[in-house]
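Please keep the sequence and the structure in view while reading.

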Amino acid sequence: MSKLWPGAAEALREIVTDGATIAVGGFGLSGNPSDLIEALRDTGATGLTIVSNNMGVDGKGLGLLLENRQVAKVIASYVGENKLFAEQYLSGELEVEFAPQGTLAERLRAGGAGIAGFYTRTGVGTQVAEGKPTAEFDGETYLLERGIVADVALVHAWRADREGNLIYRHTARNFNPLVAAAGRITVAEAEQVVDDYLDPNGIITPGIFVERLVTALPRVKDIEQRTVRIAS
């Protein structure tokens, strides 16, 4: 049976609730599931915990949810491009859990693989380690990090088939495969949805991880910081 839904709003209906944990793919504004983020904003759900590498920028990407005061907590590795994020954090409106980027990636991977936790040396002796168990292996101290399983995961793909098999394109791949596996319910938007099955050898996220699929609307892809060279 096809997993294709008519649109992002329909795909998120009844699966997003107040207080839910939502994992979102993307890195900066690259590979953001923009249609699904906008649909998430339009649900009006509040008290959300967002798990993502970063929170977009002001007025774009996950920054839309901050503007709408829908986010209670963020688990991320980098948030330096969003002034509103800083304001909400400093005012006490927003709870923030920082995770080293590799640790965040592994926490998502572990959650998707059914691994409750893992030990890493990253963060030992820093604020990241506060309140977390440690253990010694081979004379070194390691920090216990828990895997992340989200209530809903939102990802962006380049190409998909109707069974939810996904292929990502270039750097837009980033956190998307990890996020896709870490969701109890994963919703994917794809720029192209083909009628035939994708070549199994090219599939990055197997459809077993994807419950719902939508065709992404055509849009100009945002660039966080456009750098150009002026010819001399």
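Asn54 sits in the loop between strand 2 and helix 3. The model is predicted. Is Asn54 buried or exposed? Its relative accessibility is 5%, under the 20% cut-off, so Asn54 counts as buried.

Which residues does Asn54 meet beyond its neighbours within four places in sequence? The contacts are Gly26, Phe27, Gly28, Leu62, Ala76 and Tyr78. Gly28 is 26 residues away from Asn54 along the chain, yet their C-alpha atoms are separated by 6.3 Å.

**Nonpolar cores**

The largest nonpolar core has 32 residues. Leu12, Ile22, Ile50, Met55 and Leu154 have the most contacts inside this core. Several elements each supply at least two of its residues: helix 1 (8–12), strand 1 (21–24), helix 2 (34–43), strand 2 (48–51), helix 3 (63–67), strand 3 (71–76), helix 4 (83–90) and strand 8 (150–161). Helix 2 gives the largest share of this core, four residues.

Not counting residues up to four places away in sequence, Ile22 touches Leu40, Leu48, Thr49, Ile50, Val51, Ala150, Val152 and Leu154. Another core, of 23 residues, lies apart from the largest one. Among its members are Ile75, Val155, Leu166 and Ala182. In soluble globular proteins, nonpolar side chains tend to be buried together.

**Largest pocket**

The largest pocket has a volume of about 620 Å³. Its lining counts 33 residues, and Leu29, Gly31, Asn32, Lys221 and Asp222 lie nearest the pocket centre. Helix 2, strand 8 and strand 10 (183–194) each supply at least two lining residues. Helix 2 again has the largest share, with four residues of the lining. The lining divides by class as follows.

| Class in the lining of the largest pocket | Residues |
|---|---|
| Nonpolar | 13 residues |
| Polar | ten residues |

**Whole chain**

The chain has six helices and eleven strands. Of its 232 residues, 44% count as buried. Take contacts between residues at least 6 apart in sequence: 71% of them join residues at least 24 apart. The C-alpha atoms fill a box of roughly 55 × 50 × 40 Å along the principal axes.

What radius of gyration does the chain have? The value is 18 Å. A compact globule of 232 residues would have a radius of gyration near 17 Å, so the chain agrees with that expectation.

Key
Residues are numbered from 1 along each chain as its sequence is written. This is a predicted model: local features need pLDDT of at least 70, side-chain atom pairs count only at pLDDT 80 or more; totals for chains, interfaces and linings use all residues. Side-chain values use heavy atoms; hydrogens and water are left out. A nonpolar core is a set of buried Ala, Val, Leu, Ile, Met, Phe, Trp, Tyr and Cys residues joined through side-chain atoms within 4.5 Å. Buried means under 20% relative accessible area, exposed over 50%, partly exposed in between (1.4 Å probe, protein chains only). Contact means heavy atoms within 4.5 Å. On a 1 Å grid over the protein atoms alone, a cavity is a set of points where a 1.4 Å probe fits but cannot get out, and a pocket is an open set with protein on both sides within 12 Å along at least five of seven lines; lining residues have an atom within 4 Å of a point. Grid points are joined across faces, edges and corners, and a volume is the space filled by probe spheres set on the points. Ala, Val, Leu, Ile, Met, Phe, Trp, Tyr, Cys and Pro count as nonpolar, Asp, Glu, Lys and Arg as charged, and the others, Gly among them, as polar. The radius of gyration is taken over C-alpha atoms; the globule rule is 2.2 Å times the number of residues to the power 0.38.
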